[in-house]
Amino acid sequence: MKKTFPVVKNFKIFGIISILLCSIGLFSILALPFGLNLFNLSIDFAGGTQMEFNMNTPVTTEIKDQVKSVFSDATGVTPSSVINASDTHVIVRMSSIDSEKRQAAISAMEKKFNLTENDLYQNEDVSASVGQDMQRTAFLSAIVAVILMMLYISFRFEFTSGLAAVVCLLHDLLIMLTCYVVFQISMDSKFIAAALTILGYSINASIIVFDRVRENLRTSRKEPFEDVAERSVWQTMGRTINTTLTTLFTVGMLCILVPSLRNFAVPLIIGIISGAYSSILLSSALWGKFRKIFRKKHA
């Protein structure tokens, strides 16, 4: 095999990078029970009222301030956030208000900015209990998916490889959560779809590497696992990169051409890159680490 960069032997470097990237996402989850919410939760999770208007003009900071003022005067409730949905669309989020106050806000917006009924793109009110159910569903979906994937990998290869795969999956989810926190992407129902998509993509990339490791172990029984893993990573490197680039191109076009799905596409892009990173640079090295740990325990 020609001389290549030692991926497995430099696991500590990649591990430290991953820990730093995952730390924000992990801290954000651990902070939730203490009342500290770093996520930009949409009404799907937090509950409340959300309206989206087409302002028919580029939405500037001045316009957003005016929108907040209009809502405050019309409803007596100050919006929690006024953000851009696109260049000309604005989303207003606030605590739950009744239908009369929502209609008063709509009338005030139409009068202030010369809008019509067709310029109201969204008018939703979600109770806090529905948001809590959504959070519970998202959490349980991820847990069940991770457990089932671990059982599958353990059955197909061995328990230590299943453990390594689970660590990589959690790594990808935490980096995805870090992305939501850092860029303050609105976390809505699309988050569940994006998270489960990333789990499936990441596990598939890891399986490709694990499969090659298993094949090489059969023909190189006396060779150290680290050397076999190193060779296997480089043998599957081209396929993993090509698959990642192809997927990124497709999702990138979705992000550019369909603005309404941008909150879904951007975390998906981050997750795809993270999945390729973990499958190439972490998965096989973690498998080797766990093999050593469990063999020492059984020695």
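This report walks through some helices, salt bridges and a surface patch of a predicted model.

Helix 3 covers residues 61–75. An α-helix has 3.6 residues a turn, so residues three or four places apart point the same way.

## Thr75, at the end of helix 3

Thr75 belongs to helix 3 (residues 61–75). Its relative accessibility is 6%, so Thr75 counts as buried, the cut-off being under 20%. Leaving aside neighbours within four places in sequence, Thr75 is in contact with Met94, Ile97, Lys101 and Ala105.

One of its polar atoms lies 2.6 Å from the backbone oxygen of Phe71. The side chain of Thr75 also reaches the backbone nitrogen of Val77, at 3.1 Å.

## A salt bridge across the sequence

The whole structure holds 6 salt bridges. One of them joins Glu158 and Arg291, with the closest N and O atoms 3.2 Å apart. Glu158 lies in the loop between helix 5 and helix 6 (159–182), while Arg291 lies in helix 10 (residues 283–298), so the pair ties together parts that are 133 residues apart in sequence.

How covered are the two partners? Glu158 is partly exposed, with a relative accessible area of 27%. Arg291 is buried, at 13% relative accessibility.

## Other salt bridges

Glu215 and Arg212 meet in a salt bridge, at 3.5 Å from N to O. Both residues lie in helix 7 (residues 190–219). They are 3 residues apart, about one turn of the helix. Glu215 is partly exposed, with a relative accessible area of 38%. Arg212 is partly exposed too, at 28%.

Arg231 and Glu223 form another salt bridge, with their closest N and O atoms 2.9 Å apart. Here Arg231 is buried, with a relative accessible area of 17%. Glu223 counts as partly exposed, at 28% relative accessibility. Arg156, Asp211 and Arg214 are linked in a network of salt bridges.

Which residues make the nonpolar surface patch of about 690 Å²? They are Phe139, Leu140, Ile143, Val144, Ile147, Leu148 and Leu151. Ile143 is found in helix 5 (residues 128–156). At 37% relative accessibility, Ile143 counts as partly exposed.

Helix 9 runs over residues 262–281 and has 20 residues. From its first C-alpha to its last, helix 9 reaches 28 Å. That is close to the 28 Å expected at 1.5 Å a residue.

Helix 9 is mostly covered, with 14 of its 20 residues buried.

Definitions and conventions
Residues are numbered from 1 along each chain as its sequence is written. This is a predicted model: local features need pLDDT of at least 70, side-chain atom pairs count only at pLDDT 80 or more; totals for chains, interfaces and linings use all residues. Side-chain values use heavy atoms; hydrogens and water are left out. Patches are made of residues with over 30% relative accessible area and no salt bridge: like charges are joined within 9 Å, nonpolar side chains (Val, Leu, Ile, Met, Phe, Trp, Tyr) within 5 Å. Accessible areas come from the Shrake-Rupley method with a 1.4 Å probe; for residues, only the protein chains shown count as cover. A salt bridge is a side-chain nitrogen of Lys or Arg within 4 Å of a carboxyl oxygen of Asp or Glu. Helices (H or I, at least four residues) and strands (E, at least two) are DSSP runs, numbered from the N terminus. Buried means under 20% relative accessible area, exposed over 50%, partly exposed in between (1.4 Å probe, protein chains only). A polar contact is a pair of N or O atoms within 3.5 Å; within protein, one must be able to donate a hydrogen and the other to accept it, and residues adjacent in sequence count only if both atoms are side-chain atoms. Contact means heavy atoms within 4.5 Å. The expected span of a helix is 1.5 Å times one less than its number of residues.
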